[in-house]
Amino acid sequence: MPQTEDILRAAKLIREGKLVAFPTETVYGLGANALDAEAVARIFELKERPSFDPLIVHIANPGDLNVLGKHPDPRCFLLAEKFWPGPLTMVVPKSDIVPDIVTSGLETVGIRMPANETALELIRAAACPIAAPSANKFGLLSPTTAQHVKKQLPGVDCILDGGPTGIGIESTVISLNHKGFEILRHGFITREDIEKYIPFYAMPAAEKTNIVSPGMLKSHYSPGKPIYIQGDYVPEDLQREKAALLSFSGNDSQGFAMVYRLTSSDDLREYAVKLFSALHQLEDEDIEAIVAEPVPMHGIGIAIMDKLKKAAHRYRNDD
Ligand code: TXA
Ligand code: MG
């Protein structure tokens, strides 16, 4: 775990406009002072991230919702009380102190308070909110260890190594509307978790202004090898002896070069926690393709299938 002096050194770098990769409970983030537009620009550069994809701003005190958000809806504070620190990002109208580059020009900003002591200490020591996307090259796998960050972003100024992240799947991104909340990106906290407090209401497209969530891009999270989903699209000539199976049930695993079974007890949360690190390992294995068995579409299974479909999208032959 990073020592206090490592964190203080990293905080100083943040204050100087540098980039620091740090652990959160979900994945590693690539952080910069959220109020320093030039520092934030370096995030886009280093990640090779298109500038239309807004960043999440990390805070260490729920009260900062009032500083970064413009008159945030009172329901945000209820959700903050229930889920923060934790993997829930709320998109709220932004205040003027948030530079446009953070939000890709949107009038809204995504905010969350991570449940990771190193992250919180870093934000407190830097004394500024920290804008941080996942610390990977755009479109590639999200990092769940400091080594993953080093592999993809050797140019980062500093990496705080807090060991493997506990959750391993990104935060759920939501926004509020007049009737309830909607999910802009599926993540560790499920629709059912949030519905305990406020209703789910997906606004019909006609009522929407211009909310875009690049978390909804079709192709994302790709490992460096073709990945296919059973029952969706698997090439007819796939050679199982050169492929790995990402198995959920343990069934139909005959002939594969290797089988990764992420949970032995149908536990979707355990599967979600291990998914990205398994894909990182499979990227390095001597195989030509990955075949994933679909998981049940309930609870966090929806977020898992969302990630798998995005990873598989470019290898489908239908469009
Ligand atoms: O768990 C996480 O959320 C990780 C850790 C580091 O906190 N961060 C993360 O950031 O996954 P990133 O940049 O990879 O994903 C941010 C996503 C955007 O792609 C978009 O879907 C959504 O958050 N987002 C951020 N600000 C938004 C806004 N103003 N409106 C709509 N969506 C927004
Ligand atoms: Mg990301």
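Helices (H or I, at least four residues) and strands (E, at least two) are DSSP runs, numbered from the N terminus. By that scheme, Ala 127 sits in the loop between helix 6 and strand 6. This is a predicted model, in which local features need pLDDT of at least 70 and side-chain atom pairs count only at pLDDT 80 or more, while totals for chains, interfaces and linings use all residues. Residues are numbered from 1 along each chain as its sequence is written, and side-chain values use heavy atoms, with hydrogens and water left out.

**Helix 1 and helix 6**

- The axes of helix 1 (residues 4–15) and helix 6 (residues 117–126) come within 8 Å and cross at roughly 50°; axes are lines fitted to C-alpha atoms, for helices over the stretch in contact, and angles run from 0 to 180 degrees between N-to-C directions.
- Helix 1 is therefore oblique to helix 6; angles under 35 degrees count as roughly parallel, over 145 as roughly antiparallel, 65 to 115 as roughly perpendicular and the rest as oblique.
- On the helix 1 side, the contact (heavy atoms within 4.5 Å) is made by Thr 4, Ile 7, Leu 8, Ala 10, Ala 11, Ile 14 and Arg 15.
- Their partners in helix 6 are Thr 118, Glu 121, Leu 122, Ala 125 and Ala 126.
- By class, the residues of this contact are eight nonpolar, two polar and two charged; Ala, Val, Leu, Ile, Met, Phe, Trp, Tyr, Cys and Pro count as nonpolar, Asp, Glu, Lys and Arg as charged, and the others, Gly among them, as polar.

**Helix 10**

- Helix 10 (residues 301–313) has 13 residues and spans 18 Å from its first C-alpha to its last, close to the expected 18 Å; the expected span is 1.5 Å times one less than the number of residues.
- Eleven of the 13 residues of helix 10 are buried, where buried means under 20% relative accessible area, exposed over 50% and partly exposed in between (1.4 Å probe, protein chains only).
- Among the buried residues of helix 10 are Gly 301, Ile 304, Asp 306, Lys 307 and His 313.
- The cover over them includes strand 9 (181–185), strand 10 (227–229), strand 11 (243–247), helix 9 (268–284) and strand 13 (289–292).

**Backbone exceptions**

- Most residues other than glycine have a negative phi, and most peptide bonds are trans.
- His 71, in the loop between helix 3 (65–68) and helix 4, has a positive phi of about 45°.
- The relative accessibility of His 71 is 73%, so His 71 counts as exposed.
- Ala 127 has a positive phi near 55°, and at 61% relative accessibility it is exposed.
- The peptide bond from Trp 84 to Pro 85 is cis, with omega near -10°.
- Pro 85 belongs to the loop between helix 4 (74–83) and strand 4 (88–93).

**Buried loop residues**

- Pro 133, in the loop between strand 6 (130–131) and helix 7 (146–152), is buried, with a relative accessible area of 6%.
- Not counting residues up to four places away in sequence, Pro 133 touches Tyr 28, Gly 29, Leu 30, Ile 43, Lys 47, Arg 49 and Leu 55.
- Asn 177 lies in the loop between strand 8 (172–176) and strand 9 and is buried at 7% relative accessibility.
- Beyond its neighbours within four places in sequence, Asn 177 is in contact with Arg 75, Glu 182, Tyr 201 and Met 203.
- Asn 177 and Phe 200 are 23 residues apart in sequence and 9.6 Å apart in space, C-alpha to C-alpha.

Notes:
Chains are lettered from A and ligands numbered from 1 in the order in which they are written.
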